[in-house]
Amino acid sequence: MNLYGVVFKDNGKIYYFKSGLELKINDYVIVETERGIQFAKISTIPEDVVLETEIKEVVRIACEEDYEEHLKNLKEAEKALKKAIQFANDLDLKMRLTSAEFTFDRKQLLFQFTADDRIDFRDLAKKLASIYHTRIELRQIGARDKAKEIGGLGVCGRQLCCNNFLREMESVSMNMAKNQNLALTPNKINGLCGRLLCCLTYEDENYLKCSKGMPSVGNEINTKKGRGKVTSVDILNRKYKVLINGEKEEFYLDDNSKK
């Protein structure tokens with residue numbers, strides 16, 4: 001048995017299945033999940049992955065008819081999303097529906113939405129079930145999940161990481177911004193979702209390593225030029241500026257001498 005990582009949508013979370021079939025990256029397969037039968041694409045073929053849960057097998061390689069059915073489901077899901085938005089407006093529900101997705105066997109129709117408060121969507125679910133005659137699930141998601149679903153351009157001018165390549169949404173903390181000596185203002189450290197930038201996690205470990213032994217801004221320290229107050233710190237280059245007798249002197253941590 002070989003282990004394969006599959007995704008149900010581009011840049012989506014990777015789920016693992018096993019199979020005795022010889023499959024390749026980008027092959028389409030049919031798999032069975034907790035939600036039902038799903039159409040998926042082989043995303044990775046891992047070699048050294050230890051999984052704690054039991055792994056299900058790939059049902060079969062998807063054929064041309066399966067692919068056509070998948071495309072049909074995608075189109076029907078787009079129509080269902082528009083219908084759900086219309087119903088939600090008619091019911092005056094304070095929710096923003098972001099996506100709709102049929103399982104491959106059409107036994108479930110999942111809608112994702114954002115809202116500031118809890119929503120009683122029972123009437124909406126009944127209306128949708130009366131039209132599509134399948135199990136309706138409405139799932140409230142957070143701001144970061146919404147950004148991943150919709151996409152956009154970040155403050156860097158590039159496509160949002162979460163919508164482009166991030167498979168897992170890692171936890172981001174304010175300490176990461178502090179570790180990188182960033183200005184703690186929302187427009188500097190928050191992304192389009194209004195939450196802390198995912199990219200703060202990328203270099204956090206390196207910043208922690210480089211900051212060891214470095215003084216903090218405001219510290220008074222002794223140097224070869226005399227005693228002074230630290231006015232700025234360049235963590236990655238491990239240098240800092242000190243105000244001594246009214247003049248700013250630059251020092252490197254490793255040699256404590258003016259460059």
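Guide: We will take the labels one by one, with the rule behind each.

Guide: This is a predicted model, where local features need pLDDT of at least 70, side-chain atom pairs count only at pLDDT 80 or more, and totals for chains, interfaces and linings use all residues. Residues are numbered from 1 along each chain as its sequence is written, and side-chain values use heavy atoms, with hydrogens and water left out.

Visitor: Why is the pair of phenylalanine 8 and tyrosine 15 called tilted?

Guide: Rings of Phe, Tyr and Trp (its six-membered ring) pair if their centres lie within 6.5 Å; planes under 30 degrees apart are stacked, over 60 edge-to-face, and the rest tilted. A search of the whole structure gives 8 aromatic pairs. For phenylalanine 8 and tyrosine 15, the centres are 5.4 Å apart and the planes stand at 40°, so the pair is tilted.

Visitor: What makes phenylalanine 8 partly exposed?

Guide: Buried means under 20% relative accessible area, exposed means over 50%, and partly exposed is in between (1.4 Å probe, protein chains only). Phenylalanine 8 has 22% relative accessibility, so it counts as partly exposed. Tyrosine 15 has 37%, so it counts as partly exposed too.

Visitor: Why is the pair of tyrosine 28 and tyrosine 67 called tilted?

Guide: Their ring centres are 5.4 Å apart and their planes are at 40°, so this pair is tilted.

Visitor: Which parts does the pair of tyrosine 28 and tyrosine 67 tie together?

Guide: Helices (H or I, at least four residues) and strands (E, at least two) are DSSP runs, numbered from the N terminus. Tyrosine 28 lies in strand E3 (residues 28-33) and tyrosine 67 in helix H1 (residues 64-90), so the pair ties together parts 39 residues apart in sequence. Tyrosine 28 has a relative accessible area of 34% and is partly exposed. Tyrosine 67 is partly exposed at 32%. Both belong to one aromatic cluster, formed by Tyr28, Phe39, Tyr67 and Phe104.

Visitor: How do you know that arginine 106 lies over the face of phenylalanine 102?

Guide: A charge sits over a ring if NZ of Lys or CZ of Arg is within 6 Å of the ring centre and within 35 degrees of the ring normal. Arginine 106 lies over the face of phenylalanine 102, at 4.0 Å from the ring centre. Lysine 127 lies over the face of phenylalanine 87, at 5.1 Å from the ring centre.

Visitor: What is the order of the strands in the open sheet?

Guide: Two strands pair if DSSP finds at least two bridges between them. The open sheet has 5 strands in the order E2-E1-E4-E3-E5, with antiparallel pairing. Strand E2 (15-19) and strand E5 (58-61) are the edge strands, each pairing on one side only.

Visitor: How many bridges join E3 to E4?

Guide: There are 6 bridges between E3 and E4, and these strands run antiparallel. Glutamate 32 has isoleucine 37 in E4 as its bridge partner. E3 and E4 form a hairpin with 2 residues between them. On to the other pairs. E3 and E5 are joined by 3 bridges and run antiparallel, with valine 31 opposite valine 58 in E5. Strand E1 (residues 2-7) and strand E4 (residues 36-44) also pair in the antiparallel sense, over 3 bridges.

Visitor: What makes the contact of aspartate 27 and lysine 24 a salt bridge?

Guide: A salt bridge is a side-chain nitrogen of Lys or Arg within 4 Å of a carboxyl oxygen of Asp or Glu. The side chains of aspartate 27 and lysine 24 meet at 3.8 Å, N to O. By this rule there are 11 salt bridges.

Visitor: Are aspartate 27 and lysine 24 buried or exposed?

Guide: Aspartate 27 has a relative accessible area of 18%, so it is buried. Lysine 24 has 53%, so it is exposed.

Visitor: Which distant parts of the chain does the pair of glutamate 101 and arginine 35 link?

Guide: The side chains of glutamate 101 and arginine 35 meet in a salt bridge at 3.8 Å, N to O. Glutamate 101 is in strand E6 (residues 96-102), and arginine 35 is in the loop between E3 and E4, 66 residues apart.

Visitor: Why does threonine 114 get its accessibility label?

Guide: Threonine 114 has 6% relative accessibility, so it counts as buried. Threonine 114 is found in strand E7 (residues 108-114).
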